[in-house]
Amino acid sequence: MSSAAAIPDLRVCEQARLSRDPRFDGLFFTAVTSTGIYCRPVCPAPAPRPQNVTYYRSAAAAEAAGFRPCLRCRPELSPADGAWRRGDEVLARALKLIDQGLLAEQPLAALAERVHIGERQLRRLFVERLGAPPIGVHGTRRLLFAKQLLTETALPITEVALAAGFGSLRRFNTSFREAYAMAPRDLRRHVAPAGGDALRLRLHYRPPYDFAATLDFLRGRALPGVEVVDAHGYSRVFGTADAPGWLRVGAPSGRGAKEHALELELHGGRPATLLALVGRLRRMFDLDADPDTIADALRADPRLRPLLRRRPGLRIPSGWDGFEIAVRAVIGQQVSVAAARTLTARLAQRFGTPLPEAFAARGFARLFPTPEALAEADLGGIGLTSARADTVRGIAAALVDGRVDFRPEATLDEFVERWTALPGIGPWTANYIALRALGHPDAFPAEDLVLQKAVPTDGSRLGAKALRARAEAWRPWRGYAVIQLWRDAMPAAARPAAGRIRPLPASAGVTR
């Protein structure tokens, strides 16, 4: 049987369930009518009889039908369905707002208004596509995150409630008991969460995923004193002067090494910000992408087909903070990656917030400067041209006064239009920011000279207009084509080892 919401073909679901195919993790859920439990397709439990199985498009749909999450395969670990959460469709933009916690403080009418659609129409869209209304999706997301925290960490239950977005412990206990037929403390009795100073969480993804390539990309841009990238993970500082912290994302070891997951190690940070922090990292490392869907859309192009075959696990390597990426993009215009990193590091050293001495042992010295710190800053003496300095101050001031932002409900066209209205920001820079600050899957810097030369195979060069026309067939995944082509454009003798992304070429920073 299948639910009313759209799911993969029934035969595909059956085969994926029986083979425990991780490529379908999070794309549908298996509910067992004889037990009242719903599972991930990868559940290691013995397969139930087909007549007892119902498939659901989302965890929220399964829970709305009265099923409880499996304690063995733990549906809270599934990556999100990136096909719904990426791009400019109304549903995708609404889900991004839900992921940022909008419905925790505002009514459904506010969500509908932000995505320019009627409240009734928005509710109907969610039910048709996901099998549950927006408030159901929001509630399931919070409860599943709380379930992960209860299972994997030793956080006090009060802090778990705050981290999952509940305003009170009483409300959390009530919601958890109603949904899962047990109290949070009862679930914790069944597990032995790890203690220690650090909070550790698993961040799952769908294979294939070339984590080494993402690390290679980030390593070439890592800011000394702010970030540390080694062969096994990425670390950085975050927070404010009053409450700084640091984190590391790396490949898990031991028993977790066999999972399709990264591991987050977190030191510091307020519980109330934890859900947003995990969402930011999932976007930064592109953990909710569906590689098969992306490849199916791009492999029809004969130029991209062999690249996808050689590097099926490439993801869009995003960045931690939108303003930080915007500053890097401006400073990186028409200079090499190494030069841009040097200049940006000088800026961070002069204007960033100093950290306590205890952070030095981890290689951290400062928080990256805020827009407020740079809006009126004297940027002379660090090597920037006067025009670049003016642009950096201009984007900082524009973010402070709200002329530009990183709103998740904005479409790509709206984002580019607002950013290119600023002096010194051309189409390339705006699309680069969209690609790396938003992780937008369709961002496309057609003015990029290396990209224009990378598409033809006869040594010629496409103009921006011709390149956009060629790339129309790649929508809505043009950003992934960009990453593939940028890497392929690097001379073979200078390429990193297989499975790694090259640094962006200097000419990629040309604005028009």
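Me: Where do I start with a predicted model, and what is the mean pLDDT of the protein chain?

Reply: Start with confidence. The mean pLDDT of the chain is 91. Of its residues, 93% reach 70 or more.

Me: Which stretches have a pLDDT below 50?

Reply: First the general idea. Where pLDDT is low, the predicted coordinates should not be read in detail. Here, residues 1–5 are below 50. Beyond near neighbours in sequence, that stretch has 16 contacts in the model. Residues 493–512 are also below 50. Beyond near neighbours in sequence, residues 493–512 have 69 contacts.

Me: Now the sheet that holds β1. What is the strand order?

Reply: The order is β3-β1-β2-β4. It is an open sheet of four strands, and the pairing is mixed.

Me: Which strands stand at the edges?

Reply: β3 (53–56) and β4 (68–69) do. Each has a single partner strand, so one side of each is left without a neighbour in the sheet.

Me: How many bridges join β1 to β3, and in what sense do they run?

Reply: Four bridges, antiparallel. On the β2 side, T30 has C39 as its bridge partner. β1 and β2 pair over three bridges, again in the antiparallel sense.

Me: What sits between β1 and β2 in their hairpin?

Reply: Four residues lie between the strands. In this hairpin, G36 takes a positive phi near 75 degrees.

Me: Where does the mixed pairing show?

Reply: Look at β2 (residues 37–39) and β4. They run parallel, joined by two bridges. Y38 has P69 in β4 as its bridge partner.

Me: How do I read the faces of a strand? Which residues of β1 are buried on each side?

Reply: In a regular strand the side chains alternate between the two faces of the sheet. In β1 (residues 29–32), F29 and A31 are on one side. T30 and V32 are on the other. All four of these residues are buried, and both faces are covered.

Me: There are cysteines around here. How many disulfides does the structure hold?

Reply: A disulfide is a covalent bond between the sulfur atoms of two cysteines. The structure holds zero. C70 is in none; the nearest cysteine sulfur, that of C73, is 3.8 Å away. The cut-off is 2.5 Å. C73 is in no disulfide either, and the nearest cysteine sulfur to it is that of C43, at 3.8 Å.

Me: Are C70 and C73 buried or exposed?

Reply: C70 counts as buried, at 8% relative accessibility. C73 is buried too, at 4%.

Me: Next, β9. How many of its residues are buried?

Reply: β9 (residues 261–267) has six of its seven residues buried, so the strand is mostly covered. β5 (residues 199–204) is joined to β9 by six bridges and runs antiparallel to it. β8 (residues 244–250) also pairs with β9 in the antiparallel sense, over five bridges.

Me: Now helices. Which residues of α20 are buried?

Reply: In α20 (residues 412–420), L412, F415, V416 and W419 are buried. They cover an arc of only 95 degrees around the axis, which puts them on the same side of the helix. D413 and E417, on the other side, are exposed.

Me: What covers the buried residues of α20?

Reply: The cover includes α16 (322–331), α19 (386–401), α21 (427–437) and α24 (478–488).

Me: Let me try α14. Which of its residues are buried, and why do they line one face?

Reply: In α14 (residues 291–298) they are P291, I294, A295 and L298. Seen down the axis, they fall within an arc of 95 degrees, so they line one face of the helix. The elements covering them include α15 (305–310) and α24.

Me: Last, the record. Which residues does the UniProt domain annotation cover?

Reply: The unreviewed UniProt entry gives "domain: HTH araC/xylS-type" for residues 92–190. In the model, that span is 76% helix and 0% strand. Its end C-alpha atoms are 36 Å apart.

How values were computed
Residues numbered from 1 in each chain as written. Predicted model: local features only at pLDDT ≥ 70, side-chain atom pairs only at ≥ 80, totals over all residues. Heavy atoms only, no water. Buried < 20%, exposed > 50% of the residue type's maximum accessible area, 1.4 Å probe, protein only. Pairing = 2+ DSSP bridges. Arc of directions from axis to C-beta. Contact = heavy atoms within 4.5 Å. UniProt positions renumbered as here; feature names shortened; annotations may be inferred. pLDDT = per-residue confidence, 0-100.
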